[in-house]
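Please open the model in your viewer and keep the selection tool at hand.

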Amino acid sequence: MTEPRDLLRRTAEIAADYLESLEERPVFPRTSPDELREALGGPLPEEPLDPAEVVGELAEAAEPGVVAIGSGRYFGFVIGGALPAALAADWLTSAWDQNAGLYVGGPSASVVEQVTRDWLLDLLGLPGESSIGFVTGTQMAHVTGLAAARFHVLDGVGWDVNREGLTGAPPIRVLVGEKRHVTIDRALRFLGLGAPTTVAADEQGRMKPEALREALREGPTIVCAQAGEVNTGAFDPLPQIADACEEFGGWLHVDGAFGIWAAVSPRLRHLVAGLERADSWTTDAHKWLNVPYDSGIVLCAHPESHRIAMTVSASYLIQDEGARRVRDQVDWVPEFSRRARGFPIYAALRSLGRSGLVDLVERCCGAASRFAEAIAELE
């Protein structure tokens, strides 16, 4: 059997060969599903195989069906590539194989999440006491943030949803823009909140503040706004939405899957004016931050509501030998045992630094503007 060091060295060579081919290979595979099934399928071997043989054959069979997402010529969907430091840290994450559910399952995994939280709050200009959770993507970030919202707004009218459930609970009104992302609706279904009430949007997909005000009522309310409509890039008018939520006592949840990163740019920050006034925020690290899949983030301005909505125990604090308070990650996300997603995000942020992150966002927006201008000239 191949020794682990030799196996990993050979795997790194295969990975490097792939990365070096990105600028020449077709962006989308030219193979067919039947060809891939023939190459990858067949009966399960009766006997164990050498790991090097397994990896080599997997790479050879699967590579023809791999989309060149990391290529500079990939323009499909809102999908990022992978920064070198984030990719390397992701490999280390697999090698270390920490269970990032509990502090005792990986102390460094827990602490790196806390450090990354501090950096992100500073970069995005969000309240310093906000809590964080590391999840698979914005879909589960919505589930987490909206679970915190569900607890908070019902607690405000004296209903403990954790103990009593939703049967007999005061109804929660959820207001969303006409052009919100579908992951909002699915998160609401997961949480038993049903279909939301739709608020009119303009031609760019921005929620109309006057329509929101007409829809708002007293009582438990959650408003879902977005920073970056997926088709147009438009931002909801957060200051007016925040004003309305404060007046009626509603929880403001912001879907910032990619657009929230405009907050790091002095040139683009005006797009997210009022962002800090929300109650919860979501984003993907595997989009603009270019962390390998899968990597999502949820942030919450009400840590206690966030923790209560997610926690598995009455107490989320444990003591290490130095009697310091430490963080069990399971208390902030739906997963119990999970991957240590904080390491690649930490590596991405450190490798870019503040100025590198600003350059990444502004350079991407500059390229998009040039595309738009060129397309307009063709019309």
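Begin by selecting Leu-7, Thr-11 and Ile-14 in H1; these residues meet Pro-51, Ala-52, Val-55, Gly-56 and Ala-59 in H3. By class, this contact of H1 with H3 comprises six nonpolar residues, two polar residues and no charged ones. Please bear in mind throughout that the model is predicted.

Next, display H1 and helix H3 (residues 51-62) as whole elements: their axes are 10 Å apart, and the two helices pack at an angle of about 10°. Angles under 35 degrees count as roughly parallel, and H1 and H3 are therefore roughly parallel to each other.

Remain on helix H1 (residues 4-20) and select Asp-6 and Arg-9, which both lie in this helix, three residues apart, or about one turn. Side chains of opposite charge can pair when their charged atoms come close. Here, Asp-6 forms a salt bridge with Arg-9, and the closest N and O atoms are 3.1 Å apart. The structure as a whole holds 19 salt bridges.

Phe-77 is not a glycine, yet it has a positive phi of about 60°.

Now select helix H6 (residues 138-155) together with helix H11 (residues 303-310). Their axes come within 8 Å and cross at roughly 105°. That angle makes H6 roughly perpendicular to H11. To see the contact, show Thr-144, Ala-147, Ala-148, Phe-151 and His-152 on H6, and Ser-305, His-306, Ile-308, Ala-309 and Met-310 on H11. Of these residues, six are nonpolar, four are polar and none is charged.

Which residues does Ala-309 contact, leaving aside its neighbours within four places in sequence? Centre the view on Ala-309, in helix H11: the partners of Ala-309 are Ala-147, Ala-148 and Phe-151. A C-alpha to C-alpha distance drawn from Ala-309 to Ala-147 gives 5.9 Å, although the two residues are 162 residues apart in sequence.

Continue to Val-312, in the loop between H11 and strand E8 (317-319).

For the last stop, go to the loop between strand E6 (280-284) and strand E7 (296-300), where Asp-294 is placed. Select Tyr-293 as well and inspect the peptide bond that joins it to Asp-294: this bond is cis, with omega about -5°.

Technical notes
Residues are numbered from 1 along each chain as its sequence is written. This is a predicted model: local features need pLDDT of at least 70, side-chain atom pairs count only at pLDDT 80 or more; totals for chains, interfaces and linings use all residues. Side-chain values use heavy atoms; hydrogens and water are left out. Axes are lines fitted to C-alpha atoms, for helices over the stretch in contact, and angles run from 0 to 180 degrees between N-to-C directions. Helices (H or I, at least four residues) and strands (E, at least two) are DSSP runs, numbered from the N terminus. Angles under 35 degrees count as roughly parallel, over 145 as roughly antiparallel, 65 to 115 as roughly perpendicular and the rest as oblique. Contact means heavy atoms within 4.5 Å. Ala, Val, Leu, Ile, Met, Phe, Trp, Tyr, Cys and Pro count as nonpolar, Asp, Glu, Lys and Arg as charged, and the others, Gly among them, as polar. A salt bridge is a side-chain nitrogen of Lys or Arg within 4 Å of a carboxyl oxygen of Asp or Glu.
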